[in-house]
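Here is a friendly walk through one model, with a pocket, a helix and some aromatic rings as stops. Have a look at the structure first.

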Amino acid sequence: MHPFVRCGIAAACLAALPLGDMSARAAESHGGGHGAEPAAPIEPLPVAAYPLPVELVRTLQLMQDQIALGSAQAHNGQRVLISVAETRMLDLPPETWNDPACLRAAVTFALIGGGPTLLRHLIAAGKLSESETPLVFGALAYLEGREKEARSLLAKIDPNSVPVGLGAQLALSLSALVVRDDPAQSIRLLDLARLLAPGTLVEEGALRREIFVVAQAGDLPRFEALAIQYLRRFRHSVYAGNFRQRFAAALTRLDFKGDQARFARLQAMLDEIEPEGRREIYLLVARVALDQGKVGTAVFAAERTLTLAEPQTPDAVRARLYRAAALIATEGQFEPSLEALRTTERRLLDPADLDLLDAALSTAREIREAPQGAVDPAGAAPSTGGRVLPTVPAIERARGALGQIDDIMRRSER
């Protein structure tokens, strides 16, 4: 019966009682009746303790949820907890794993960072039931990089048919296995992972990955919506630095339908976060856009950074460097850009930006020495809107490195 219905019936019964009866009943309930025995204490309902593997995994998951909120202490401590939990579970008697809850906890543990050791131990014991074999063997194949086998085995398991902690992790793992061949299915699985584990590190990881899957698909409205959600809810995550680098690269690659519209939408997206985080992302966008040769985006992002940075701070110095490097080959901007490069405070730059500064100064010398109307080295027609930016080894290295960012980030995630 619905609680509101029960409350309504109780109220009607009380209303039907005479006032005297109600007073007597109230007195009795408080022990005020003559000779009445005090009410017996209410015994708590019996609650069975969870098995040790379940408790260990839940503790680890709670610690990882703090990582999603930005706890560096939890991030540093999880490796110790994983080691302790693995040792304790390896020492448990074999019959422990006859309990399906314990076996599923072992798979969850392996997938959330515990690694393959415990699963290999369970398989070597030879006690797995036929129904649990696809789950354990599939998870082990996933962890060992045997993607085809893992996909074949894990695809047989509905994430909704197992406990939500394991189901969310299965959905997250399956999404990585299908993303190359079926991005739409990968997105559906990431959505499911987020629904099954809201507010957890699983949701943070699923949201972070989904943003870049939809970016690859060119779905700009969904990219914007998910990015704003991440920036609002998980901007303090320990993995947010990873996210911001890839986010900046994705922003420069998406088609925003014209410069002004693109810049307005980019600004609206980043206005959702605090100035410090916004400044950091604008700087990343400026640098990535510069490496990709997207002058307009680099200049826009560098100028937005300057509105958010205090003068003479390292961020302001970097922003002026990026703006000058982007404009050095633009008609009418050569002299002011060269002056900005020459007066850049080198002591405030890191080694990568020092390389960029040296490359930009080298470019400026080549431009000054080149005759007007020089032909592009690749054979292009002479530039009419400005001088051609010569190829500089440092810039070429940056462009080559940019193409490897996504692969590196995928391998380093979680």
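What volume does the second largest pocket have? The answer is about 500 Å³. A pocket here is an open set of points on a 1 Å grid over the protein atoms alone, where a 1.4 Å probe fits, with protein on both sides within 12 Å along at least five of seven lines; lining residues have an atom within 4 Å of a point. The volume is the space filled by probe spheres set on the points, which are joined across faces, edges and corners.

Please keep in mind that this is a predicted model: local features need pLDDT of at least 70, side-chain atom pairs need 80 or more, and totals for chains, interfaces and linings use all residues. Numbering runs from 1 along each chain as its sequence is written, and side-chain values use heavy atoms, without hydrogens or water.

The lining has 25 residues, with Arg 58, Gln 61, Val 164, Gly 165 and Leu 166 nearest the centre. Helix 3 gives the largest share, 7 residues; helices are DSSP runs (H or I, at least four residues), numbered from the N terminus.

On to the rings, which pair if their centres lie within 6.5 Å (stacked under 30 degrees between planes, edge-to-face over 60, the rest tilted).

| Pair | Type | Centre to centre | Between planes |
|---|---|---|---|
| Phe 243 and Phe 247 | stacked | 5.2 Å | 15° |
| Tyr 282 and Phe 300 | edge-to-face | 6.2 Å | 75° |

Tyr 282 lies in helix 15 and Phe 300 in helix 16, so their pair ties together parts 18 residues apart in sequence. Phe 243 and Phe 247 both lie in helix 13, 4 residues apart.

Methods:
Helix = DSSP H or I, 4+ residues; strand = E, 2+ residues; numbered from the N terminus. Phe/Tyr/Trp six-rings, centres within 6.5 Å; stacked < 30°, edge-to-face > 60°.
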